[in-house]
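Please open the model in your viewer and keep the sequence panel beside it. The stops below are meant to be selected in order.

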Amino acid sequence: MLEIRRFEEKAGQLYGMGLIGGFCHLYIGQEAVVVGMQAALREGDQVITGYRDHGHMLATGMDPKGVMAELTGRRGGYSKGKGGSMHMFSTEKGFYGGHGIVGAQVSLGTGLAFANRYRDNGNVSLTYFGDGAANQGQVYESFNMAELWKLPVVFIIENNKYAMGTAVNRASAQTDFSKRGASFNIPGEQVDGMDVRAVTAAGARAVEFARSGKGPYILEMLTYRYRGHSMSDPAKYRSKEEVQKMRTEHDPIEQVRARLLEKKWASEDELKAIDAEIRDRMNAAADFASADPEPDVAELYTDVLR
């Protein structure tokens, strides 16, 4: 979780310096969701998500240097500098992309689960999307097919309360997203997405349910993004006091840090050393992403289907 936090902070700095262009959606505040869910997976399982995807990449084990280099549009990036923030893949790590079209990844993640079922390989697809995407039509077509064919997919709704900038109660008639699969007989539950322990426990239950052949499962992660929807969003639709309250009382990393110190599982010096080591690695990733050459012009014509 700390690695994701420090990576995103560094990405924000590079964006401010003009080294990252276009859209850039930071995951700061939501780290417990993907880290807790990743603990439930095994080799061969798949992860697919929307455009707030840097945390998911790092959680699957992708190299921070390659992710950061893609953000800056360099040759060493995971998509050779041509995909940017929202379009990175690593089938080696089981990461099937961040996707810029709202909700588009839900049908693709369901397709991954269909392939698993067809091949009878025992693998599970984790398909992430947000509270805003939850109102898209393809989500419900995917729910229907997933339950009809008992596909091994866990739908994870990261409810950070504001979608692209509209409060959830102003955009959704049913704000309990864990119930969104009720008409398809898909079970669901709400989870404290700011507590990595709660996420890990719920993730284990949901993944086991899907892996055992019972079909899809929905997890609504109640979480919160500290930054705007993207780096260009000033987030004036919520108060600074609200954000500060979440940071102070519910921060996923500070909760873990406090428990480690309280139970004497780690000392202050040990935690500072971990943070220092992570900061060094993120600085190295930023240095690599700043110095790596841009793609050759000829790359415009590679990996293009005609």
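**Before selecting anything**

This is a predicted model, in which local features need pLDDT of at least 70 and side-chain atom pairs count only at pLDDT 80 or more, while totals for chains, interfaces and linings use all residues. Residues are numbered from 1 along each chain as its sequence is written, and side-chain values use heavy atoms, with hydrogens and water left out.

**Stop 1: the annotated domain**

Select residues 3-297, where UniProt, in an unreviewed entry, places the feature "domain: Dehydrogenase E1 component"; UniProt positions are given in the numbering used here, feature names are shortened, and annotations may be inferred rather than shown by experiment. Helices (H or I, at least four residues) and strands (E, at least two) are DSSP runs, numbered from the N terminus.

**Stop 2: R5 and E31**

A search of the whole structure finds 18 salt bridges, a salt bridge being a side-chain nitrogen of Lys or Arg within 4 Å of a carboxyl oxygen of Asp or Glu. Begin with R5 and E31, which form one of them with their closest N and O atoms 2.5 Å apart. R5 lies in helix 1 (residues 2-16) and E31 in helix 2 (residues 31-38), so the pair ties together parts that are 26 residues apart in sequence. Are these two residues buried or exposed? R5 counts as buried at 7% relative accessibility, and E31 is buried as well, with a relative accessible area of 0%; buried means under 20% relative accessible area, exposed over 50%, and partly exposed in between (1.4 Å probe, protein chains only).

Now extend the selection to the whole of helix 2, which is mostly covered, with seven of its eight residues buried. Besides E31, the buried residues of helix 2 are A32, V33, V34, G36, M37 and Q38.

**Stop 3: R205 and E189**

Select R205 and E189, whose side chains meet in a salt bridge (2.7 Å, N to O). R205 lies in helix 8 (residues 196-211) and E189 in strand 5 (residues 188-192), so the pair ties together parts that are 16 residues apart in sequence. R205 counts as partly exposed at 44% relative accessibility, whereas E189 is buried, with a relative accessible area of 16%.

**Stop 4**

Move to helix 11 (residues 268-291), which holds both D275 and R279, four residues apart, or about one turn of the helix. Their side chains meet in a salt bridge (3.4 Å, N to O). D275 counts as buried at 16% relative accessibility, while R279 is partly exposed, with a relative accessible area of 39%.

**Stop 5: helix 5**

Helix 5 has 16 residues and reaches 23 Å from its first C-alpha to its last, close to the 22 Å expected at 1.5 Å a residue; the expected span is 1.5 Å times one less than the number of residues. Colour Q105, V106, G109, T110, L112, A113 and N116, which are the buried residues of this helix. Seen down the axis of helix 5, its buried residues fall within an arc of 150°, so they line one face of the helix; the arc is that of the directions from the helix axis to the C-beta atoms. On the other side of helix 5, Y118 and R119 are exposed.

**Stop 6: a nonpolar surface patch**

Switch to a surface view and select F114, Y118, M145, L148 and W149, which form a nonpolar patch with about 590 Å² of accessible area together. Helix 5 (104-119) and helix 6 (137-148) are the elements that give two or more residues to the patch. M145 lies in helix 6 and is partly exposed, with a relative accessible area of 33%.Patches are made of residues with over 30% relative accessible area and no salt bridge, like charges being joined within 9 Å and nonpolar side chains (Val, Leu, Ile, Met, Phe, Trp, Tyr) within 5 Å. Accessible areas come from the Shrake-Rupley method with a 1.4 Å probe, and for residues only the protein chains shown count as cover.

**Stop 7: two loop residues with positive phi**

Finish with K80, found in the loop between helix 4 (64-71) and strand 2 (95-98), where its phi is near 60°, a positive value in a residue other than glycine. K80 is partly exposed, with a relative accessible area of 36%. K150 lies in the loop between helix 6 and strand 4 (153-159), and its phi is near 50°, again positive in a residue other than glycine. K150 is partly exposed, with a relative accessible area of 33%.
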